[in-house]
Structures are given as structure tokens and as C-alpha cells.
Amino acid sequence: MSEQKAYTHIDTDDSVLSLHDCYANSIQFENSILSFYFQNGFWVTPSHHANNYGKTVRTDSSQVDYHLDDDVSIYVFRKNIFGKTIRIEWTLEELVRFINNNTFSLEFLYQYKSHSEQLLKCWLHFDREPHHYECQIEIPTSKVLYRWNNLCYDKTWQIKTF
């Protein structure tokens, strides 16, 4: 399922990029590289050298590659019949299959980074009650590449007010 594509921008510094509220449309795992594909892109802040718009904007379709140093751990949190939250471990193959066959959609919420691992807090969305599960993806990596071509100036970061 190789979705290889040439990209204009390949960033390793994610301090000016964000996956918050972005949906991965497909996933690929090949040659120890875990790739997430974002049809609607990810966020680029005005601090990025290519963004002179003055606002945080989305990219066009993009890709994030995690070069794995070890096995990925995936935990899905669900409520059992007694209302208690339980943690279920998924394999990487399960996550790839469920996202690629559209059983679930994967929304990135938060990223926590150390020198050798990233913890991604996500939601797995689906079309029946309870409509989403919380998910954590622990990725042992020391190299991440953010690939994209263009900024979409009509897609700016909107601060939600309640």
C-alpha cells in the first residue's frame, strides 16, 4: 500500500508544527517506518520559515514518518458493561487495518515528546455509541519527518469559544 509521493517540504523540527485535531486517513508500516497520511494536512505555525501569512494554517495532503527504534505500543480505553474503563492493547497491524478499512478514523489530540519516544493521545471515532474511544500510541523513535507541499491559507486555526 505504498503511497510514496514527492514533497516540497520535509521538516524534522516539529516545534512549529502540530497534529492537534488532525485526522490520519491511512497508515502504512514498512521497513521500520510508520507513516500516517493526512488528506487534510496538519498545522504550520507562523514561526515556520515557509509561513509568512501570520496565522497558523493547514497544509495540503501530508505525511508524517516515524522511524521506529523498537515496537509500537497501542492502548485503547473502553468502558466495560459495569461502566469501568478498561485498557485494551492493540497490535500495530490491528490499528493499520482498522484505519485503512475505515472501521475507525484516527484523530490526533496531543503529542508528548522525549528524546527517544513520542506519546500520541488520540481518539478513534466510529459511527455507533459511544462514537469514540480514547487511544494512546507510544512510538519509540528518534527521527520523525513531516512531509508536505503547500499551505492552505483558507484553512486557518480557529480558536473555539463556548
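How do the residues of the lining of the largest pocket divide into nonpolar, polar and charged? I found one nonpolar, six polar and three charged, where Ala, Val, Leu, Ile, Met, Phe, Trp, Tyr, Cys and Pro count as nonpolar, Asp, Glu, Lys and Arg as charged, and the others, Gly among them, as polar.

Before going on, I noted that this is a predicted model, in which local features need pLDDT of at least 70, side-chain atom pairs count only at pLDDT 80 or more, and totals for chains, interfaces and linings use all residues. Residues are numbered from 1 along each chain as its sequence is written, and side-chain values use heavy atoms, with hydrogens and water left out.

**Entry: the pocket.** I looked up the volume of the largest pocket, which is about 160 Å³. A pocket here is an open set of points on a 1 Å grid over the protein atoms alone, where a 1.4 Å probe fits, with protein on both sides within 12 Å along at least five of seven lines, and lining residues have an atom within 4 Å of a point. The volume is the space filled by probe spheres set on the points, which are joined across faces, edges and corners. Among the lining residues I read Asp14, Lys113, His115 and Val144, and the largest share, four residues, comes from E13; strands (E, at least two residues) are DSSP runs, numbered from the N terminus.

**Entry: the salt bridges.** I searched the whole structure and found two salt bridges, each being a side-chain nitrogen of Lys or Arg within 4 Å of a carboxyl oxygen of Asp or Glu. In one of them, the side chains of Lys113 and Asp14 meet at 3.4 Å, N to O. Lys113 lies in strand E11 and Asp14 in the loop between strands E1 and E2, so this pair ties together parts that are 99 residues apart in sequence. Lys113 is partly exposed at a relative accessible area of 45%, whereas Asp14 is buried at 14%; buried means under 20%, exposed over 50%, and partly exposed in between, with a 1.4 Å probe and protein chains only.

The side chains of Asp65 and Arg147 also meet in a salt bridge, at 2.5 Å. Asp65 sits in strand E8 and Arg147 in strand E13, 82 residues apart, and both are buried.

Entry: Phe77 stands opposite Arg87 in E10.

Notes: Pairing = 2+ DSSP bridges.
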